[in-house]
Structures are given as structure tokens and as C-alpha cells.
Amino acid sequence: MKDLRKCNLNRNRTITSWQRKCGAKLSSVILNGEWHWRPARSDALVEIQARLPEIRFAPYDKPVWTASRKGIFVSSETWELLREKKEEIAWWKLVWFSYAIPKHAFILWLAIQDRLVTGERLLKWGFQGDIKCLFCHNQVESRGHLFFECSFSYRIWKFCMARCGVDNVPVIWDEFLHKGIQERMNKSLKGFLCRLVLGSVIYNLWCTRNELMHSGQPNTEEQLLKKIIWEVRSRIAGKGKFPRTRENLDLASLWNLHADLLL
Ligand SMILES: [Zn+2]
């Protein structure tokens, strides 16, 4: 348990306090100018509490939130102190970036970690029913097949990535992700378009698959492509400014973007 609070007493004496109860407030330590401690649960705390009556509050005594540099509660600084820090993952900028569409980012985040409930995962949990891909009915519905290897999905990728100026689209999930990390996590117009397409395609393929499973009335391939193009175009239009390079002029033309987008 980290110490988040202390009381500065007579300017140069300090007592650090701690409480195990989640949601404990500063006011629970000092109340109406008096100490207000929970029952001691350690020898150190017993000793501290035994000596507290010797201390009288002065007008300049005040509680200080030590998790913050300014001594007042700041949620972001407290979160930084409490959270468990892990090694930075290489792909996070593919998912979380300034123009990302939140619902797309969430599904993509689950997909990258293979947490979407595909047929293959259901099989591992003992599911006895049909786990074939609902697009082609040929293969087991794994993440790799559903989003890339299936001929239906691959046609969607080919069409959308061609609009981003990418002709060579890998059909293997890990290879796609690796190429994405290498080439598309920058702030160029192409970088944003590729990442928006990535989120939109994964999200819309997943929704289409769910509609097939539950209602049987999904978007057609043409409707799906129109929706993805509309989502990406709407998101990038009117956002930042990009240099008027040959590549950006071509991309603006392919996506029918307004000329104001380029400087
Ligand atoms: Zn398939």
C-alpha cells in the first residue's frame, strides 16, 4: 500500500498516514481540528497513534496529498502512482491516435489481443455447434481467417488499402500488424488514412459477421465498402492540415477530400 497522505506539522515535522479502505478521504484523518484515525493494525501505527495526543494543531498545519507535486489531489498523478507499469507495447499507436474512432479502436484493441469471441475461441471453450466462417463457410472462424485470409475480407482490404496507396496487402494477421507498425504509425495523411481504414474494416467485418449470426441480414459487400469509405472520409475531412505533396494530392483525389485539407 503506498502512502498517499501526510500531515505537515509545525512546518518541519511530518507524519505519514495510510488507510487500507478504498475511497478513504483526507477528512477522515483530521476532523474538526482533531485527529480521526481508524483503529491501528500494525505496531508502527500503534506507536504513532500513541504519540499523537502530544501534537496540537496550529493554524498553519494542513493535510497534504503526497501523490501530487502540488500537495492537492490530482487524479492523473494519483493514477500514475497507483497503476502497475508494464513495458510499452509496439502497436498501441495503430489503435489509439488523435483521429481514431472510439468504437473502432475498442474492437481493434480486442482483435489485436485475440479477445473477440470467434468460432475458434468458442471451440476451445467446448462449444459443440458450427464454428465455420460465416462469410465463406469453408474454414474454421479464427481471427486470422475472419479478418484477413477469408476471400470476402481480403477483397474489402484490397479495395480500401488501394485507396491508401498500398497495393501489397499481407493476408497474414501478424505480417499485417508488423507492416502496420513499421510503416503506418506516423502523422502523415497516408498514416492516418491507413490506421482509420484498419479500425473501420475490422469493426465493420466484425459487425457484419455478428449480423449474419443473429439476424441474417448483413450489409452486402458493396454496402460495406461504402460504409467504410464514408466513415474514414468523414473522420479525416476537416481535421488537421497536411502538406501539398504529390502523394497527398493523389490521396485527396482518391478519397474525394476537400482541397482545404492540404496546405
Ligand atoms: Zn471465410
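## Helix 10

In this predicted model, the buried residues of helix 10 include Leu-224, Ile-228, Val-232 and Ile-236. Viewed down the helix axis, the buried residues fall within an arc of 85°, so they line one face of helix 10. An α-helix has 3.6 residues a turn, so residues three or four places apart point the same way. The buried residues of helix 10 pack against helix 7 and helix 9. On the other side of helix 10, the exposed residues are Glu-222, Gln-223, Lys-226, Trp-230 and Ser-234.

Helix 10 is 16 residues long and spans 23 Å from its first C-alpha to its last, close to the 22 Å expected at 1.5 Å a residue. Just after helix 10, Gly-238 adopts a positive phi of about 80°.

## The nonpolar core

The largest nonpolar core contains 37 residues. Within this core, the residues with the most contacts are Leu-108, Leu-193, Val-197, Leu-198, Val-201 and Ile-202. Two or more core residues come from each of helix 3 (92–95), helix 4 (102–112), helix 6 (143–149), helix 7 (151–162), helix 9 (189–214), helix 10 (221–236) and helix 11 (246–254). Helix 9 supplies the largest share, 11 residues.

Leaving aside residues up to four places away in sequence, Val-197 touches Cys-160, Met-161, Cys-164 and Val-232. Val-232 is also one of the buried residues of helix 10.

## Helix 9 against helix 11

The axes of helix 9 and helix 11 come within 10 Å of each other and cross at roughly 35°. Helix 9 makes this contact through Leu-189, Lys-190 and Leu-193, and helix 11 through Glu-247, Asn-248 and Leu-251. By class, the contact has three nonpolar, one polar and two charged residues. Leu-193 is also listed among the residues with the most contacts inside the largest nonpolar core.

Asn-168 sits in the loop between helix 7 and helix 8 (173–183). Asn-168 counts as exposed because it has 6 C-beta neighbours inside 10 Å, where the limit for exposed is 12 or fewer. Asn-168 and Lys-158 are 10 residues apart in sequence, and their C-alpha atoms are 8.3 Å apart in space.

## The chain as a whole

The chain has 11 helices and five strands. Of its 263 residues, 22% count as buried. Among contacts in the chain with a separation of 6 or more, 52% are between residues 24 or more positions apart.

Technical notes:
Residues are numbered from 1 along each chain as its sequence is written. This is a predicted model: local features need pLDDT of at least 70, side-chain atom pairs count only at pLDDT 80 or more; totals for chains, interfaces and linings use all residues. Helices (H or I, at least four residues) and strands (E, at least two) are DSSP runs, numbered from the N terminus. A residue is buried if 20 or more other C-beta atoms lie within 10 Å of its own, exposed if 12 or fewer, and partly exposed in between; C-beta atoms are placed from the backbone. Two residues are in contact if their C-beta atoms, placed from the backbone, lie within 7 Å. A nonpolar core is a set of buried Ala, Val, Leu, Ile, Met, Phe, Trp, Tyr and Cys residues joined through C-beta atoms within 7 Å. Axes are lines fitted to C-alpha atoms, for helices over the stretch in contact, and angles run from 0 to 180 degrees between N-to-C directions. Ala, Val, Leu, Ile, Met, Phe, Trp, Tyr, Cys and Pro count as nonpolar, Asp, Glu, Lys and Arg as charged, and the others, Gly among them, as polar. The expected span of a helix is 1.5 Å times one less than its number of residues. The arc is that of the directions from the helix axis to the C-beta atoms.
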